[in-house]
Amino acid sequence: MIGLGTIVNTAAIVAGGICGLLFGRFFSARNQDTLCKSCGVCVLLIGVAGVMEGMLCVEGTGLSSGGSMKIVVCVALGALIGELLNIEARFEDFGEWLKRRTGNAGDSGFVAAFVNASLTVCIGAMAVIGAIQDGILGDPSILMTKAALDFIIIMVMASSMGRGCIFSAIPVAALQGGVTALSRLMQPIMTPAALANLSLVGSILIFCVGVNLVWGRKIAVANLLPAIVVAVAAAFV
């Protein structure tokens, strides 16, 4: 069944969020803060691992790195585009709308939870590769694996940040569902080089999400999202 991977992934995020809320109610404010920072550290390490995988390679008996200039150009150009479009504000406006429409107007942390959780589970090569594979081959295996990971991530985030994390299922469903629907059109674009660039820059953005979780909002990560598109385009330059 085409689209099954996105359906399962979306359901896993909702289920993880609900479980997190059930567990989180037994934690004190200090426990929740520690859990949030612990989650942030884990997200930082996931981002670092992805960046290192994309930049480092084995040469002889040692390691060499590359792609530094590509990263600088893609992130800088993407940030400029994102700032001009002010994507972060659009994301927050949508979060505020969701907060009102879902009866969570009194939850001061709803928007931050929604934005951080959404960026954590939406950014990355697994979402794109898995959705394309699901659309073309009807094989949801990558998205099934991602669903298991997202279940754990959202459960931990929701237990410390609140119910806003559950609604990260909406952008995941929209993104992955859209890619699956357009998979045959996107397949020629997603070459191995393009996917490698997407994974590398996406990992940098995941690292930035971790920074925000540990130290508070320091980086407007949503405004960096165009860097992913720039990174894919750079593979054809």
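## Helix H1

Helix H1 (residues 4–24) comprises 21 residues and spans 30 Å from its first C-alpha to its last, close to the 30 Å expected at 1.5 Å a residue; the expected span is 1.5 Å times one less than the number of residues. Helices (H or I, at least four residues) and strands (E, at least two) are DSSP runs, numbered from the N terminus. This is a predicted model, in which local features need pLDDT of at least 70 and side-chain atom pairs count only at pLDDT 80 or more, while totals for chains, interfaces and linings use all residues. Residues are numbered from 1 along each chain as its sequence is written, and side-chain values use heavy atoms, with hydrogens and water left out.

Among the buried residues of H1 are Gly-5, Asn-9, Ile-13, Gly-17 and Gly-24; buried means under 20% relative accessible area (1.4 Å probe, protein chains only). Seen down the axis of H1, the buried residues fall within an arc of 155°, so they line one face of the helix; the arc is taken from the directions from the helix axis to the C-beta atoms. They pack against helices including H2 (29–55) and H7 (141–161).

## Nonpolar core

The largest nonpolar core has 57 residues, and Cys-165, Met-190 and Val-201 have the most contacts inside it. Such a core is a set of buried Ala, Val, Leu, Ile, Met, Phe, Trp, Tyr and Cys residues joined through side-chain atoms within 4.5 Å. Helix H10 (residues 192–215) supplies its largest share, 11 residues.

## Strand pair

Strands S1 (residues 56–59) and S2 (residues 62–65) pair in the antiparallel sense over four bridges; pairing requires at least two DSSP bridges. Glu-59 stands opposite Gly-62.

Terms used
Buried means under 20% relative accessible area, exposed over 50%, partly exposed in between (1.4 Å probe, protein chains only). Contact means heavy atoms within 4.5 Å.
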